[in-house]
Amino acid sequence: CRAGLVPPGSSREQLLYAKKLYDSAFHPDSGEKMNLIGRMSFQVPGGMALTGCMLQFYRTVPAVVFWQWVNQSFNAIVNYTNRNAASPISLRQIGVAYVMATGTALATAVGLNLYTKRAPPLLARWVPFAAVAAANCVNIPMMRQQEIINGVTVTDEDNNELGRSRVSLRMGVQVGARCALRAGLWGGPDLFFLHLVILPIIMERLEKFPFMQRIRVLHGPLQVLLCGGFLLFMVPAACALFPQRCSLALADLELELRESIVAKHGDKVPYVYFNKGL
(Lines give C-alpha, C1' and ligand atoms only; values in the text may rest on other atoms or scores of the structure.)
Protein backbone atom coordinates (compact mmCIF):
# COMPACT_ATOMS: atom_id res chain seq x y z
CA CYS A 1 0.00 0.00 0.00
CA ARG A 2 2.84 2.41 0.91
CA ALA A 3 4.62 1.62 -2.36
CA GLY A 4 1.43 2.03 -4.40
CA LEU A 5 1.32 -1.66 -5.28
CA VAL A 6 -2.07 -2.55 -3.84
CA PRO A 7 -3.61 -5.46 -5.81
CA PRO A 8 -6.46 -4.22 -8.02
CA GLY A 9 -9.88 -4.68 -6.48
CA SER A 10 -8.64 -4.64 -2.85
CA SER A 11 -11.21 -3.22 -0.48
CA ARG A 12 -10.54 -0.91 2.46
CA GLU A 13 -11.50 -3.73 4.81
CA GLN A 14 -8.90 -6.01 3.26
CA LEU A 15 -6.21 -3.36 3.61
CA LEU A 16 -7.08 -2.73 7.25
CA TYR A 17 -7.03 -6.46 7.98
CA ALA A 18 -3.64 -6.79 6.29
CA LYS A 19 -2.36 -3.87 8.39
CA LYS A 20 -3.66 -5.55 11.56
CA LEU A 21 -1.79 -8.74 10.68
CA TYR A 22 1.37 -6.78 9.90
CA ASP A 23 1.21 -4.77 13.13
CA SER A 24 0.75 -7.94 15.18
CA ALA A 25 3.76 -9.72 13.67
CA PHE A 26 6.39 -7.02 12.97
CA HIS A 27 8.15 -4.83 15.54
CA PRO A 28 7.10 -1.16 15.31
CA ASP A 29 10.67 0.11 15.83
CA SER A 30 12.91 -2.28 13.91
CA GLY A 31 10.38 -3.58 11.38
CA GLU A 32 11.70 -7.09 12.04
CA LYS A 33 9.37 -10.07 12.21
CA MET A 34 8.85 -10.98 15.86
CA ASN A 35 9.24 -14.55 17.09
CA LEU A 36 5.93 -16.36 17.49
CA ILE A 37 6.23 -17.04 21.24
CA GLY A 38 6.78 -13.38 22.08
CA ARG A 39 3.82 -11.98 20.15
CA MET A 40 0.70 -10.81 21.96
CA SER A 41 -1.34 -13.18 19.78
CA PHE A 42 0.38 -16.10 21.55
CA GLN A 43 -0.47 -14.93 25.05
CA VAL A 44 -3.81 -16.74 25.31
CA PRO A 45 -2.65 -20.24 24.27
CA GLY A 46 0.78 -19.89 25.86
CA GLY A 47 -0.42 -18.19 29.03
CA MET A 48 -3.31 -20.57 29.67
CA ALA A 49 -1.05 -23.62 29.38
CA LEU A 50 1.63 -22.20 31.67
CA THR A 51 -0.78 -20.85 34.26
CA GLY A 52 -2.78 -24.06 34.35
CA CYS A 53 0.35 -26.13 34.86
CA MET A 54 1.70 -23.84 37.61
CA LEU A 55 -1.62 -23.98 39.45
CA GLN A 56 -1.92 -27.75 39.04
CA PHE A 57 1.65 -28.80 39.84
CA TYR A 58 2.48 -26.87 43.01
CA ARG A 59 2.76 -29.61 45.62
CA THR A 60 6.33 -30.83 45.05
CA VAL A 61 9.54 -28.81 44.89
CA PRO A 62 10.75 -30.29 41.55
CA ALA A 63 7.41 -29.44 39.89
CA VAL A 64 7.48 -25.89 41.29
CA VAL A 65 11.07 -25.38 40.11
CA PHE A 66 10.37 -26.69 36.60
CA TRP A 67 7.21 -24.70 35.92
CA GLN A 68 8.55 -21.46 37.40
CA TRP A 69 11.65 -21.83 35.23
CA VAL A 70 9.49 -22.39 32.13
CA ASN A 71 7.29 -19.42 33.00
CA GLN A 72 10.18 -17.02 33.57
CA SER A 73 11.79 -18.16 30.33
CA PHE A 74 8.52 -17.36 28.58
CA ASN A 75 8.33 -13.96 30.33
CA ALA A 76 11.87 -13.11 29.28
CA ILE A 77 11.09 -13.91 25.63
CA VAL A 78 7.92 -11.79 25.70
CA ASN A 79 9.64 -8.83 27.41
CA TYR A 80 12.52 -8.92 24.96
CA THR A 81 10.27 -9.33 21.90
CA ASN A 82 8.10 -6.35 22.87
CA ARG A 83 10.88 -4.05 24.06
CA ASN A 84 11.61 -0.63 22.59
CA ALA A 85 14.04 -1.79 19.89
CA ALA A 86 15.45 1.73 19.54
CA SER A 87 17.10 1.16 22.95
CA PRO A 88 19.41 -1.80 22.31
CA ILE A 89 20.17 -4.26 25.10
CA SER A 90 23.23 -6.51 25.07
CA LEU A 91 23.19 -10.29 25.35
CA ARG A 92 24.96 -9.95 28.70
CA GLN A 93 22.20 -7.71 30.06
CA ILE A 94 19.56 -10.11 28.77
CA GLY A 95 21.35 -13.00 30.46
CA VAL A 96 21.65 -11.16 33.78
CA ALA A 97 17.96 -10.18 33.71
CA TYR A 98 16.92 -13.74 32.92
CA VAL A 99 19.08 -15.32 35.63
CA MET A 100 18.01 -12.81 38.28
CA ALA A 101 14.28 -13.09 37.48
CA THR A 102 14.39 -16.87 37.33
CA GLY A 103 16.41 -17.06 40.52
CA THR A 104 13.99 -14.76 42.32
CA ALA A 105 10.99 -16.80 41.16
CA LEU A 106 12.56 -20.10 42.15
CA ALA A 107 13.74 -18.87 45.53
CA THR A 108 10.32 -17.41 46.33
CA ALA A 109 8.41 -20.45 45.08
CA VAL A 110 10.59 -23.05 46.79
CA GLY A 111 10.76 -21.08 50.03
CA LEU A 112 7.00 -20.56 50.19
CA ASN A 113 6.35 -24.13 49.08
CA LEU A 114 8.31 -25.43 52.06
CA TYR A 115 6.77 -22.85 54.38
CA THR A 116 3.20 -23.73 53.41
CA LYS A 117 3.57 -27.49 53.99
CA ARG A 118 1.69 -27.08 57.27
CA ALA A 119 -0.47 -24.17 56.15
CA PRO A 120 -4.06 -24.39 54.83
CA PRO A 121 -4.24 -25.87 51.30
CA LEU A 122 -5.41 -22.59 49.79
CA LEU A 123 -2.22 -20.80 50.85
CA ALA A 124 -0.14 -23.41 49.07
CA ARG A 125 -2.13 -22.78 45.90
CA TRP A 126 -1.17 -19.10 46.03
CA VAL A 127 2.56 -19.84 45.88
CA PRO A 128 2.69 -19.39 42.06
CA PHE A 129 1.21 -15.89 42.37
CA ALA A 130 3.81 -14.81 44.92
CA ALA A 131 6.64 -16.25 42.83
CA VAL A 132 5.46 -14.60 39.59
CA ALA A 133 4.92 -11.24 41.32
CA ALA A 134 8.40 -11.33 42.88
CA ALA A 135 10.04 -12.31 39.60
CA ASN A 136 8.27 -9.53 37.68
CA CYS A 137 9.72 -6.97 40.07
CA VAL A 138 13.10 -8.05 38.70
CA ASN A 139 12.36 -9.25 35.18
CA ILE A 140 10.68 -6.18 33.69
CA PRO A 141 13.03 -3.46 35.04
CA MET A 142 16.12 -5.53 34.16
CA MET A 143 14.95 -6.37 30.66
CA ARG A 144 13.96 -2.75 30.03
CA GLN A 145 16.88 -1.14 31.86
CA GLN A 146 18.29 0.66 28.82
CA GLU A 147 15.01 2.51 28.32
CA ILE A 148 14.69 3.45 31.99
CA ILE A 149 18.32 4.53 32.39
CA ASN A 150 19.06 6.12 29.01
CA GLY A 151 15.60 7.19 27.92
CA VAL A 152 14.07 6.51 24.51
CA THR A 153 13.83 8.00 21.04
CA VAL A 154 11.04 10.57 20.81
CA THR A 155 9.08 11.53 17.68
CA ASP A 156 6.39 13.96 16.63
CA GLU A 157 2.82 12.92 15.89
CA ASP A 158 3.81 11.80 12.38
CA ASN A 159 6.66 9.58 13.65
CA ASN A 160 9.41 11.99 12.58
CA GLU A 161 12.35 11.48 14.93
CA LEU A 162 13.09 14.50 17.13
CA GLY A 163 15.94 13.22 19.24
CA ARG A 164 16.72 10.97 22.16
CA SER A 165 15.69 11.83 25.69
CA ARG A 166 18.43 10.54 27.97
CA VAL A 167 18.02 12.63 31.08
CA SER A 168 14.28 13.07 31.48
CA LEU A 169 13.34 11.51 34.79
CA ARG A 170 9.68 11.88 33.94
CA MET A 171 10.00 9.66 30.89
CA GLY A 172 12.03 7.03 32.70
CA VAL A 173 9.53 6.94 35.54
CA GLN A 174 6.64 6.79 33.10
CA VAL A 175 8.12 3.79 31.28
CA GLY A 176 9.04 2.02 34.49
CA ALA A 177 5.83 2.83 36.34
CA ARG A 178 3.59 1.66 33.52
CA CYS A 179 5.51 -1.60 33.30
CA ALA A 180 5.32 -2.02 37.06
CA LEU A 181 1.59 -1.24 37.12
CA ARG A 182 1.00 -3.70 34.35
CA ALA A 183 2.98 -6.32 36.25
CA GLY A 184 0.79 -5.80 39.29
CA LEU A 185 -2.44 -5.76 37.28
CA TRP A 186 -1.58 -8.39 34.76
CA GLY A 187 0.89 -10.53 36.72
CA GLY A 188 3.38 -10.25 33.88
CA PRO A 189 3.22 -10.34 30.11
CA ASP A 190 1.39 -13.64 30.04
CA LEU A 191 -0.65 -13.78 33.25
CA PHE A 192 -3.51 -11.74 34.61
CA PHE A 193 -3.36 -11.81 38.41
CA LEU A 194 -6.92 -13.11 38.65
CA HIS A 195 -5.64 -16.47 37.40
CA LEU A 196 -3.30 -16.91 40.28
CA VAL A 197 -5.51 -15.43 42.99
CA ILE A 198 -9.08 -16.34 42.10
CA LEU A 199 -8.60 -19.66 40.29
CA PRO A 200 -7.05 -21.33 43.35
CA ILE A 201 -10.15 -20.33 45.33
CA ILE A 202 -12.43 -21.71 42.62
CA MET A 203 -10.52 -25.00 42.40
CA GLU A 204 -10.37 -25.33 46.17
CA ARG A 205 -14.16 -25.12 46.29
CA LEU A 206 -14.75 -27.36 43.26
CA GLU A 207 -12.48 -30.13 44.51
CA LYS A 208 -14.72 -30.63 47.54
CA PHE A 209 -17.55 -31.90 45.35
CA PRO A 210 -17.77 -35.71 44.98
CA PHE A 211 -17.85 -35.59 41.17
CA MET A 212 -14.59 -33.61 41.14
CA GLN A 213 -12.94 -36.15 43.39
CA ARG A 214 -13.87 -38.87 40.90
CA ILE A 215 -12.29 -37.08 37.93
CA ARG A 216 -8.96 -35.98 39.38
CA VAL A 217 -7.25 -36.66 36.06
CA LEU A 218 -9.26 -33.80 34.53
CA HIS A 219 -8.31 -31.19 37.15
CA GLY A 220 -5.32 -30.04 35.10
CA PRO A 221 -7.20 -29.62 31.79
CA LEU A 222 -10.03 -27.88 33.66
CA GLN A 223 -7.64 -25.30 35.15
CA VAL A 224 -6.08 -24.70 31.74
CA LEU A 225 -9.52 -24.01 30.25
CA LEU A 226 -10.46 -21.69 33.11
CA CYS A 227 -7.19 -19.79 32.60
CA GLY A 228 -7.97 -19.50 28.92
CA GLY A 229 -11.34 -17.98 29.75
CA PHE A 230 -9.70 -15.27 31.87
CA LEU A 231 -6.94 -14.58 29.33
CA LEU A 232 -9.37 -14.32 26.44
CA PHE A 233 -10.78 -11.13 27.97
CA MET A 234 -7.96 -9.84 30.15
CA VAL A 235 -5.02 -9.82 27.74
CA PRO A 236 -6.77 -7.34 25.38
CA ALA A 237 -7.96 -5.32 28.40
CA ALA A 238 -4.46 -5.06 29.88
CA CYS A 239 -2.96 -4.06 26.50
CA ALA A 240 -5.68 -1.45 25.99
CA LEU A 241 -5.20 0.09 29.46
CA PHE A 242 -1.51 0.77 28.74
CA PRO A 243 -1.08 1.81 25.07
CA GLN A 244 2.19 0.95 23.39
CA ARG A 245 2.66 4.49 22.05
CA CYS A 246 2.86 7.07 24.84
CA SER A 247 2.92 10.86 24.76
CA LEU A 248 4.82 13.39 26.83
CA ALA A 249 4.43 17.17 26.92
CA LEU A 250 7.34 19.07 25.36
CA ALA A 251 7.68 21.12 28.56
CA ASP A 252 8.51 17.93 30.50
CA LEU A 253 11.58 17.09 28.41
CA GLU A 254 15.09 18.00 29.47
CA LEU A 255 16.10 21.57 28.57
CA GLU A 256 18.67 20.76 25.88
CA LEU A 257 16.36 18.52 23.87
CA ARG A 258 13.41 20.87 24.35
CA GLU A 259 15.39 23.84 23.01
CA SER A 260 16.58 21.77 20.06
CA ILE A 261 13.02 20.82 19.12
CA VAL A 262 11.76 24.41 19.52
CA ALA A 263 14.62 25.75 17.39
CA LYS A 264 13.73 23.37 14.54
CA HIS A 265 9.96 23.26 14.77
CA GLY A 266 8.88 26.26 16.81
CA ASP A 267 5.59 25.66 18.62
CA LYS A 268 4.37 23.03 16.14
CA VAL A 269 5.32 20.13 18.45
CA PRO A 270 3.50 20.52 21.79
CA TYR A 271 3.82 16.80 22.52
CA VAL A 272 6.39 14.15 21.76
CA TYR A 273 5.69 10.43 21.41
CA PHE A 274 7.66 7.31 22.20
CA ASN A 275 7.23 3.55 22.05
CA LYS A 276 7.18 2.17 25.57
CA GLY A 277 6.84 -1.43 24.39
CA LEU A 278 4.12 -3.75 25.65
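Visitor: What classes of residue make up the lining of the largest cavity?
Guide: In this predicted model, that lining has seven nonpolar residues, one polar one and no charged ones.

Visitor: OK, and which residues are they?
Guide: You'll find Met54, Phe57, Tyr58, Val64, Trp67, Gln68, Val127 and Pro128 around the largest cavity. Helix H3 (61-81) and helix H6 (127-143) are the elements giving two or more residues to that lining.

Visitor: Which element gives the largest share?
Guide: That's H3, with three residues in the lining.

Visitor: What volume does the largest cavity have?
Guide: About 50 Å³.

Visitor: And how many cavities of 30 Å³ or more are there?
Guide: The count comes to three.

Visitor: How do you even spot empty space like that?
Guide: You roll a probe the size of a water molecule over the atoms, and that shows where empty space is left.

Visitor: Is Cys227 buried or exposed?
Guide: Cys227 is buried, with a relative accessible area of 0%.

Visitor: And Cys53, buried or exposed?
Guide: Cys53 counts as buried because its relative accessibility is 16%, and the cut-off for buried is under 20%.

Notes: Residues are numbered from 1 along each chain as its sequence is written. This is a predicted model: local features need pLDDT of at least 70, side-chain atom pairs count only at pLDDT 80 or more; totals for chains, interfaces and linings use all residues. Side-chain values use heavy atoms; hydrogens and water are left out. Buried means under 20% relative accessible area, exposed over 50%, partly exposed in between (1.4 Å probe, protein chains only). On a 1 Å grid over the protein atoms alone, a cavity is a set of points where a 1.4 Å probe fits but cannot get out, and a pocket is an open set with protein on both sides within 12 Å along at least five of seven lines; lining residues have an atom within 4 Å of a point. Grid points are joined across faces, edges and corners, and a volume is the space filled by probe spheres set on the points. Helices (H or I, at least four residues) and strands (E, at least two) are DSSP runs, numbered from the N terminus. Ala, Val, Leu, Ile, Met, Phe, Trp, Tyr, Cys and Pro count as nonpolar, Asp, Glu, Lys and Arg as charged, and the others, Gly among them, as polar.
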